[in-house]
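Trainee: I've got a protein model open and I'd like to learn how to read it. Can we go through it together?

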Amino acid sequence: MKTQALFTLLVAVLLMAGCASSKQAAEPHPLAGMWDYTVDTPEGVYNGVINVSETEGELSGTITSDALTGQMALTDLMFENDVLSFKFDSGQFGVIDLRVTVDGMAFDGYLDIQGIGQMPVTGSKKSGGDM
């Protein structure tokens, strides 16, 4: 009888641990989702969307802009100490670097275009995982 009770207790503990770990795995990364952004350039203000997703703990994403054609993949995407940085190949302007500080559902920082310089960028989350 003691062995059966001990076995039942062990199974219950293992089931609870499994449920707890699966709940943690279901939590989306706080950056996951769609972010609207605005960049202030010498030619005017441009808008776009950054879409960040997470697969097996790895972040990836795309960016669109009303100044550029198509959707561009994000490379070297990093998020550390509330700082998001990535690069993307814009085609006509070459590789563009973005570096922003994320504060809850908003960010601000700069976009750096080689040969042109840095321009201020701001953004806010419009959908996806909660911050």
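Trainee: Which residues have the most contacts inside the largest nonpolar core?

Mentor: General idea to begin with: in soluble globular proteins, nonpolar side chains tend to be buried together. Keep in mind that this is a predicted model. Here the largest nonpolar core has 23 residues, and those with the most contacts inside it are Ile50, Ile63, Phe86, Phe88 and Phe107.

Trainee: And which element gives the most to this core?

Mentor: That's E7, with four residues. The elements giving two or more residues are E1, E2, E6, E7, E8 and E9.

Trainee: What does Phe86 touch?

Mentor: Leaving out residues up to four places away in sequence, Phe86 touches Ile50, Ile63, Leu74, Thr75, Asp76, Leu77, Ile96, Asp97 and Leu98.

Trainee: Okay, now charges. How many salt bridges are there in the whole structure?

Mentor: The idea is that side chains of opposite charge can pair when their charged atoms come close. A search of the whole structure turns up two salt bridges. In one, Lys126 pairs with Asp36, and their closest N and O atoms are 3.5 Å apart. Lys126 sits in strand E9 and Asp36 in strand E1, so this pair ties together parts that are 90 residues apart in sequence.

Trainee: How accessible is Lys126, and how accessible is Asp36?

Mentor: Lys126 has 46% relative accessibility, so it counts as partly exposed. Asp36, at 30%, counts as partly exposed too.

Trainee: Which residue forms a salt bridge with Asp76?

Mentor: Lys87, with the closest N and O atoms 3.9 Å apart. Asp76 is in strand E5 and Lys87 in strand E6, 11 residues apart. Lys87 is partly exposed, with a relative accessible area of 32%.

Note on methods
Residues numbered from 1 in each chain as written. Predicted model: local features only at pLDDT ≥ 70, side-chain atom pairs only at ≥ 80, totals over all residues. Heavy atoms only, no water. Salt bridge = Lys/Arg side-chain N within 4 Å of Asp/Glu carboxyl O. Buried < 20%, exposed > 50% of the residue type's maximum accessible area, 1.4 Å probe, protein only. Core = buried A, V, L, I, M, F, W, Y, C linked by side-chain atoms within 4.5 Å. Contact = heavy atoms within 4.5 Å.
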